[in-house]
Amino acid sequence: MAETSGTTESGPGAGAGAGTGTAAGESGPGPRKSSWKYIGPGIVVAATGVGAGDLVATLVAGSKFGYTLMWAAVIGCLVKISLAEAVGRWHLATGRTLFDGWRTLGGWTTGYFAVYVVIWGFVYGATAMSSSALPIVALFPDGPGLKTWAIITGLIGLVFVWFNQYAVFEKVMTVLIGVMFVVVVYVAIRVVPDVGASFAGLLPVLPDGSLVYTLGLIGGVGGTITMAAYGYWVNAKGWSGPSWMKVMRIDNRVAYITTGIFVVAMLIVGAELLHSSQIALTKGDRGLIDLGVILEDRFGAGTAKLFLVGFFAASFSSLIGVWHGVSLMFADFVERIRAGRGDAGTEKADEGKAGSATVGRQERSVPFRAYLLWLTFPPMTLLWLDEPFGLVIGYGVLGAFFMPFLALTLIWLLNSSRTPREWRNGWLSNGMLGAAGLLFVVLCVQQVRDLPW
């Protein structure tokens with residue numbers, strides 16, 4: 001859709017042609033035509049963003065309200081498409097990384113990210129390792145215990161990301177999301193969904209007590225710091241310059257349509273297996289172990305074990321996705337800080353530009369590997385100790401504020417002269433990002449209120 005000025009609408013529904021216009025950032029040769037073979041970064045961000053906790057949250061929503069909140073899953077999909085499209089458009093249109101853009105907004109962004117990435121990484125590392133270990137313990141109950149398996153999965157993630165660069169990483173993530181997709185959809189089909197009720201669930205309805213679950217479905221599933229990492233994976237794929245814009249948009253839509261199918265499938269499982277039987281799940285990731293037991297009672301050990309394999313794929317893909325994506329962001333963060341101080345060792349010639357060569361160098365950099373170690377070893381102490389009260393509070397507050405921070409800073413960046421005029425936000429992008437920002441502010445307030453003060 002065209003704006004009155006003749007520039008191309010940059011919203012999630014727009015289809016800008018390859019090779020149109022110029023950008024302030026670096027420009028690389030684009031594809032001759034859009035093709036499915038280019039898809040990759042979107043699959044990575046989808047596999048990373050949907051973890052075991054998201055599956056549990058969706059299951060619980062289905063168990064409490066049946067198919068009633070199906071419409072929220074669809075809206076959530078559109079919100080995530082808008083956010084990720086904006087991240088990718090910034091990287092391609094300007095040739096600069098997202099952190100480079102944040103720095104232009106003032107020193108407060110640097111301070112916020114520095115505190116966030118340290119505390120968040122410490123707590124998330126333990127969470128990801130435990131989540132990946134749970135299905136392994138359920139599959140092999142006579143083997144090592146949860147803590148041992150958690151350490152093993154963390155070390156495997158560390159070694160894998162340390163010695164492999166993006167191309168191999170993407171292939172493994174594609175396999176893991178394929179396993180997730182097949183298993184979740186298969187289980188949803190096995191429980192025999194009520195097609196009429198599922199279509200009725202597309203009508204916006206808010207049952208009593210459903211507001212928090214509705215907001216969670218719209219804003220929570222598939223929405224983490226890894227959405228900000230999407231632009232780094234776009235660059236790692238070798239896409240640079242606006243000629244790749246159309247490919248990026250197709251890639252992004254495929255990612256979040258896939259996420260939407262996951263959410264719908266888990267809602268079906270929750271509605272059919274749990275809602276009708278009034279079965280409650282254990283809080284947290286352990287709720288998926290409960291579901292495995294229910295599946296075994298209903299469909300046999302084979303289906304239950306297959307589900308646990310899918311549970312592992314969801315958890316471990318999130319682990320290695322964060323190990324890679326957030327480490328890239330941290331490496332870029334350190335590089336920009338050092339470049340700003342005139343540090344000669346940071347290859348200042350890059351001048352903030354993003355690209356596959358830069359990402360490849362960052363994957364071998366000291367900051368990248370230092371953050372990998374931070375995600376892996378210090379969090380292991382939390383496997384034995386109760387999480388310190390203050391740390392939990394800090395983690396919860398910072399985590400709640402990140403998605404509003406992302407949405408609102410994207411609006412700021414993509415409506416300013418920092419972005420070439422042709423690729424600035426149109427009314428559709430501004431509307432979607434504004435709605436996302438408002439939604440995440442409400443979620444932020446709710447999350448902070450729910451913290452164990």
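This is a predicted model: local features need pLDDT of at least 70, side-chain atom pairs count only at pLDDT 80 or more; totals for chains, interfaces and linings use all residues.
Asparagine 425 sits in the loop that runs between helix 16 (389-414) and helix 17 (427-450). Its side chain has a partner to look for on screen: a polar contact of 2.9 Å links it to the side chain of arginine 89.

Another loop residue worth a visit is valine 192, found between helix 7 (166-190) and helix 8 (195-200). Valine 192 counts as exposed because its relative accessibility is 59%, over the 50% that the term requires.

The backbone deserves a look here too. Most residues other than glycine have a negative phi. Valine 192, however, has a positive phi, near 60°.

## Helix 9 and its cover

Now turn to helix 9, which spans residues 211-219. Its buried residues are Thr214, Leu215, Leu217, Ile218 and Gly219. Helix 2 (52-65), helix 3 (70-94), helix 11 (245-275) and helix 17 are included in what covers these buried residues.

## The protein as a whole

Stepping back, the protein has 17 helices and zero strands. Of its 453 residues, 57% are buried. Among contacts between residues at least 6 apart in sequence, 86% join residues at least 24 apart.

As for the surface, the protein exposes about 17800 Å², and carbon and sulfur atoms supply 65% of that area.

Notes:
Residues are numbered from 1 along each chain as its sequence is written. Side-chain values use heavy atoms; hydrogens and water are left out. Helices (H or I, at least four residues) and strands (E, at least two) are DSSP runs, numbered from the N terminus. Buried means under 20% relative accessible area, exposed over 50%, partly exposed in between (1.4 Å probe, protein chains only). A polar contact is a pair of N or O atoms within 3.5 Å; within protein, one must be able to donate a hydrogen and the other to accept it, and residues adjacent in sequence count only if both atoms are side-chain atoms. Contact means heavy atoms within 4.5 Å. Accessible areas come from the Shrake-Rupley method with a 1.4 Å probe; for residues, only the protein chains shown count as cover.
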